[in-house]
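Hi everyone, thanks for making the time this morning.

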Amino acid sequence: MEMEYFYRLYEQLERCAPSSDEETLKALKSLPQLPKQPRVLDIGCGNGAQTLALAGQLGGEIVAIDNYQPFIDRLAAEAKSRLLKADIFPQCVSMFELPFAAQSFDLIWSEGAIYIIGFSEGLRQWKPLLKPGGYIVLTDMVWLQEDPPQEIADYWGENNPNMTDTKERLAQAEAAGYQLIDHFTLSPEAWTEGYYRPLRERIALMRQELAGNETAEKVFSMTEEEADMYDRFGEWYGYEFILLQKKA
Ligand SMILES: C[S@@+](CC[C@H](N)C(=O)[O-])C[C@H]1O[C@@H](n2cnc3c(N)ncnc32)[C@H](O)[C@@H]1O
């Protein structure tokens, strides 16, 4: 029941995680070489903000997958209505059972979604899909400083128990057979302007529509708690863009 309201909350939003087109494109431009017509896989694409940003720059094709059909439908409609350089092929499939041939992608992109399968496990399972020398670019939530205050350590310990710091993520990437190309931390505005401000506005609207609905209210309060945590403790954690190349 709660999931229904989480999905309804996010369906109308551009993003389901902190980011910005500028930072997506900064990551794209940091990749040394891509073919002119690359084949790209965007895993956990949500409503596809990053897919659309990439398709505005790249030629070739982007297969965008998510396991929630309304996100896929929204992205398909949006892709049709825009003039883009790359063709987008949205598909409703799970990241746990990707139906693609080995070595079929030049680039795998995944913003805010690898935590679902697990960082090392995702890197391990997705690697065979990359062509030799192919790239994987992802964002993952990390601690930015050691010894965070107990309240926020407990909060993320419960809600994202496998969260660690960038150093450990880079070591895990190396161990999974990737070479580091670059990494950078998403700006605070990617959280506040790109994510929590539209999310809070959407909650305010839905509260009016769903007044008295206890399940919906629980979802709204949980979401607001997360946004309030960022206001109070945002300097302790962030999203890291990590750019990797499959080793030969
Ligand atoms: C935090 S959101 C990020 C979405 C998008 N990349 C963005 O940044 O706005 C995580 C996404 O993963 C999707 N997801 C959850 N479980 C999945 C699975 N098993 N396979 C594919 N996608 C999944 C969710 O539907 C959601 O769209």
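Let's start with a set of side-by-side residues: Y5, R8, L9 and Y10 in helix α1 meet Y195, L199, R202, I203, M206 and E209 in helix α9, where contact means heavy atoms within 4.5 Å. By class, that contact of α1 with α9 has seven nonpolar, no polar and three charged residues. For the classes, Ala, Val, Leu, Ile, Met, Phe, Trp, Tyr, Cys and Pro count as nonpolar, Asp, Glu, Lys and Arg as charged, and the others, Gly among them, as polar.

Before going on, a word on what you are looking at. This is a predicted model, in which local features need pLDDT of at least 70 and side-chain atom pairs count only at pLDDT 80 or more, while totals for chains, interfaces and linings use all residues. Residues are numbered from 1 along each chain as its sequence is written, and side-chain values use heavy atoms, with hydrogens and water left out.

Back to the helices. α1 spans residues 2-11 and α9 residues 188-209; their axes come within 9 Å and cross at roughly 120 degrees. Helices here are DSSP runs (H or I, at least four residues), strands likewise (E, at least two), numbered from the N terminus. Axes are lines fitted to C-alpha atoms, for helices over the stretch in contact, with angles from 0 to 180 degrees between N-to-C directions. α1 and α9 are therefore oblique to each other; angles under 35 degrees count as roughly parallel, over 145 as roughly antiparallel, 65 to 115 as roughly perpendicular and the rest as oblique. Their crossing is right-handed, meaning that the near helix is turned clockwise from the far one by less than a right angle, with anticlockwise giving left-handed.

Now bring in helix α10, residues 214-233. How do α9 and α10 pack? Their axes are 11 Å apart, at an angle of about 155 degrees, so α9 and α10 are roughly antiparallel. This crossing is left-handed. On the α9 side the contact includes W191, Y195, L199 and I203, and on the α10 side F220, A227 and Y230 are among the residues. The contact of α9 with α10 counts ten nonpolar, three polar and seven charged residues.

With 43% relative accessibility, A204 counts as partly exposed (buried is under 20%, exposed over 50%, partly exposed in between, using a 1.4 Å probe and protein chains only). The C-alpha atoms of A204 and F220 are separated by 9.0 Å, and these residues are 16 apart along the chain.

That leaves α1 and α10, whose axes come within 9 Å and cross at roughly 60 degrees. That makes α1 oblique to α10, and the crossing is right-handed. E2, Y5, F6, L9 and Y10 of α1 make this contact with T215, A216, K218, V219, F220, M222 and T223 of α10.

Finally, for those of you who check backbone torsions: which residues have a positive phi of about 55 degrees without being glycine? Q103 is one, found in the loop between β3 (87-92) and β4 (105-111), and at 44% relative accessibility Q103 is partly exposed. D147 is another, in the loop between β5 (130-143) and α7 (150-159); D147 is exposed, with a relative accessible area of 67%.
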